[in-house]
Each structure stands twice: as C-alpha cells, then as structure tokens.
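Please look over the structure below. A short report on selected features follows.

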Amino acid sequence: MNVFGKIVVFYDSWCPICKNVKINIERFDWLHLIELQSIRENLEGTINVPLEKLEKEMYCLNKKNNHITVGIESIASITARLPLFMILWLPIKLSSLLGIGSCIYKYIARTRKIIPVNNCDSSSCVYKKE
C-alpha cells in the first residue's frame with residue numbers, strides 16, 4: 001500500500017486541459033490510488049467546497065484522513081501517487097514552498113478555457129448530462 005493513501009481528484013469536465021490531465025491520470029495510475037470526480041456532476045457528500053472555488057482550482061481529498069489539497073499542492077498529491085511521475089514530486093513541492101509553483105498554477109488555471117460542448121445556446125450555458 002502506498003504511504004500516501006487514496007485520493008479523490010475533483011476536475012472540471014468542461015475544461016480541455018483538465019480532461020487531458022484526467023486521461024493521463026487514468027493511464028498512469030497503476031497503483032489505483034486516484035479516483036476522479038467531475039465537479040459538473042453531483043458532489044453531494046463528497047467534498048464540502050463551494051462550486052465557485054472548485055471551478056477556479058483543482059482540489060484533492062485524501063480518503064484516509066480527509067485532508068484537502070488545492071492547486072499546485074493537488075498536483076503534488078497526484079504525482080506522489082503515479083509511479084512514473086514520483087520523481088517530479090520534490091521539484092513540485094519545492095516550487096510550491098518557494099511560491100513559484102503556485103503562481104504558475106494559478107496563471108494556467110486562470111487562463112484555461114471552459115467549453116461545455118453542446119450545452120450552450122446564444123444566451124446561456126447549462127450542463128446537460130448525456
């Protein structure tokens with residue numbers, strides 16, 4: 001068993017970057033330590049964080065101790081559980097401690113595109129579960 005325990009990663013299924021991250025996590029999660037949950041689905045009872053915050057940054061919930069990580073710390077939590085990417089954990093943690101990682105993460109999160117494909121008309125967007 002991995003000393004880090006299982007986590008739930010809350011991702012935005014309307015974000016192309018987030019969807020690609022999800023695909024890669026699924027591909028490299030050989031230890032089955034990461035559960036992925038779209039913030040666009042029913043979150044009731046899974047995490048006590050407002051949707052507005054979940055839309056701005058990635059959140060992870062450690063299932064063992066209910067510890068929540070946000071942003072660059074979530075990326076560190078993910079890399080710690082993917083054997084092929086564990087080598088990146090230390091540089092990510094160091095960048096987080098120095099504040100550089102958080103700045104880069106927040107820039108990427110702030111400038112990403114949200115595309116609710118086939119769920120928009122000329123006046124509004126509504127999530128439709130297919």
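His 67 is partly exposed in this predicted model. Its relative accessible area is 47%, so it falls between the buried limit of 20% and the exposed limit of 50%. His 67 sits in the loop between strand E3 (59–62) and strand E4 (68–70). Leaving aside neighbours within four places in sequence, His 67 contacts Cys 60, Leu 61 and Asn 62. Ile 7 is 60 residues away from His 67 along the chain, yet their C-alpha atoms are separated by 9.3 Å.

Ile 7 also belongs to the largest nonpolar core, which has 14 residues. Ile 7, Val 9, Ile 34 and Ile 78 touch the most other members.

H3 gives the most, with three residues. Not counting residues up to four places away in sequence, Ile 34 touches Ile 7, Val 9, Ile 25, Asp 29, Ile 78, Arg 81 and Leu 82. Another core, of nine residues, lies apart from the largest one. Its members include Val 8, Ile 39, Val 49 and Leu 61.

Next, a helix pair. Helix H4 (residues 89–98) packs against H5 at an angle of about 95 degrees, with their axes 4 Å apart. H4 is therefore roughly perpendicular to H5. Ser 95, Ser 96 and Leu 98 of H4 meet Ile 100, Gly 101 and Ser 102 of H5. Two of the contact residues are nonpolar, four are polar and none is charged.

Note on methods:
Residues numbered from 1 in each chain as written. Predicted model: local features only at pLDDT ≥ 70, side-chain atom pairs only at ≥ 80, totals over all residues. Heavy atoms only, no water. Core = buried A, V, L, I, M, F, W, Y, C linked by side-chain atoms within 4.5 Å. Buried < 20%, exposed > 50% of the residue type's maximum accessible area, 1.4 Å probe, protein only. Helix = DSSP H or I, 4+ residues; strand = E, 2+ residues; numbered from the N terminus. Contact = heavy atoms within 4.5 Å. Axes fitted to C-alpha atoms, helices over the stretch in contact; angles between N-to-C directions. Parallel < 35°, antiparallel > 145°, perpendicular 65-115°, else oblique. Nonpolar A, V, L, I, M, F, W, Y, C, P; charged D, E, K, R; others polar.
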